[in-house]
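Please look over the sequence and the structure below before reading on. The report then moves from the overall layout to the core, the ligand and a few loop residues.

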Amino acid sequence: MAAAGGGGREDPTSEVGKQGRLAMMELANMISVPMALNAVVRLNVPDAIWQSGSNSPLTAAEILALLRPPPPSSSDPSVLQRLLRLLASHGVFAENRCATSGARRYSLTDVGRTLVPSGDGASYAAYVLQHHQDALVRAWPRLHEAVLDPAGPEPFARANGGVPAYAYYGGDREANALMQRAMWGVSEPFMEALLDGYGSAGFGSVETLVDVGGSSGACLDMIMRRFPSVKRGINFDLPEVVAEAPPLAGVTHVGGNMFESIPTGDAIFMKWVLTTWTDEECTAILRNCYNALPEGGKVIACEPVLPVETDNSRRTRALLEGDIFVMAIYRTLGRERTEEEFRQLGGVVGFTAFRAIYLDPFYAVVEYQK
Ligand SMILES: C[S@@+](CC[C@H](N)C(=O)[O-])C[C@H]1O[C@@H](n2cnc3c(N)ncnc32)[C@H](O)[C@@H]1O
């Protein structure tokens, strides 16, 4: 049937019209999902369920009793259960419903288990918390201003007195520490895949490796433990970031600004750095990398690489969501890029060879050779 009632709306009584309205209702309420996720992480629900690996299905009341720190006596399991139900429908928890009593019990799925610390303490929980700090959340209602004034400050800076995100983290010890934990939590499992699939080719013949934007230095540490032939590691990041980085064997923490110069090495590693910057800024970073490398030296960048086609797969959505995060928080014209766009950035600077290697559904290795 034709659109009814004028405008662009489908006939509201048709199946297409009903499904369209339902889909828009889901989208309009979508904020409930990340906020519920943030709430259960803040409450330490994943740890309470996991209990050193038992992951037994628990009622909301049983979960509340296991929370650390213990919740106040006023806390209400029925409120927690509502969060758990929503997140179960998004695959974070598995829900078992007792056929006789109707009681609902929750355990962690593979998705939910990413929120539980691994042996070395890494998990995605800090990343969830990092993304939902007040200063970041304040940026989102101003996203449309990025479209209207892309050359102006990004929504984060507009919402936070003109201070850009990295300067904000640098000026707040807690935010800085959370950022380092968040980066480590997400990096650790990817680095395992990287070292397995690309480690020998990438790092086998490197003696001095520079990690540009290396945060705590944890990625460099993992590389050097797996490849002891890398004798010297230089963890290069903003001075206020390296000031908080822990001592690591063989690693020198160097504070500086990658837009000014980058320490020299046989190879340069860089993870999740180019994505947050504009084309002009990426060209400046890559030019400084080029100048810091010997003939034949490589930049090994690990970045999300956008597919050319738009589809509704989880991978495409995760990448496009990350792209809008960059727009809101870091740089309006900083962005995720396709393989071809990464290739072009290197060509402008003068790198002679380029390849992209896909080892992980989120990050790819983007390799430039001088
Ligand atoms: C998204 S984080 C990635 C951290 C780390 N490479 C990882 O993937 O776990 C980007 C890093 O770039 C650093 N950074 C931002 N601006 C910088 C600059 N001008 N010079 C050097 N590092 C910078 C930030 O402090 C931050 O640690």
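The chain is assigned two domains, domain 1 (32-113) and domain 2 (176-369), where the bounds come from an automatic or database domain assignment. The centres of domain 1 and domain 2, taken over C-alpha atoms, are separated by 36 Å. Residues are numbered from 1 along each chain as its sequence is written. The model is predicted, and for that reason local features need pLDDT of at least 70 and side-chain atom pairs count only at pLDDT 80 or more, while totals for chains, interfaces and linings use all residues.

The secondary structure of the chain comes to 17 helices and 10 strands; helices (H or I, at least four residues) and strands (E, at least two) are DSSP runs, numbered from the N terminus. Along the principal axes, the C-alpha atoms occupy a box of roughly 70 × 55 × 40 Å. The radius of gyration of the chain is 23 Å, which agrees with the value near 21 Å that a compact globule of 370 residues would have; this radius is taken over C-alpha atoms, and the globule rule is 2.2 Å times the number of residues to the power 0.38. Among contacts between residues at least 6 apart in sequence, 61% join residues at least 24 apart, two residues being in contact if their C-beta atoms, placed from the backbone, lie within 7 Å.

Of the 370 residues of the chain, 35% count as buried. A residue is buried if 20 or more other C-beta atoms, placed from the backbone, lie within 10 Å of its own, exposed if 12 or fewer, and partly exposed in between. The largest nonpolar core has 89 residues, of which Leu209, Val210, Val212, Ile268, Phe269 and Cys289 touch the most other members. Helix H12 (residues 173-203) gives the largest share of this core, eight residues, and at least three residues come from each of domain 1 (32-113) and domain 2 (176-369). Such a core is a set of buried Ala, Val, Leu, Ile, Met, Phe, Trp, Tyr and Cys residues joined through C-beta atoms within 7 Å. Once neighbours within four places in sequence are left aside, Val212 is in contact with Phe236, Met258, Ile262, Ile268, Met270, Val273 and Cys289.

Which residues are the closest to the ligand? They are Met183, Gly213, Ser215, Met258 and Lys271, out of 16 residues that surround the ligand, a residue being near a molecule if its C-beta atom, placed from the backbone, lies within 6 Å of it. By class, this shell has nine nonpolar, five polar and two charged residues; Ala, Val, Leu, Ile, Met, Phe, Trp, Tyr, Cys and Pro count as nonpolar, Asp, Glu, Lys and Arg as charged, and the others, Gly among them, as polar.

Ser52 counts as exposed because it has 7 C-beta neighbours inside 10 Å, whereas Ser215 counts as buried because it has 26.

A cis peptide bond, with omega about 0°, joins Arg68 and Pro69, and Pro69 lies in the loop between helix H4 (60-66) and helix H5 (77-89). Another proline, Pro141, is placed in the loop between helix H8 (134-137) and helix H9 (143-148). Pro141 is exposed, since 11 other C-beta atoms lie within 10 Å.
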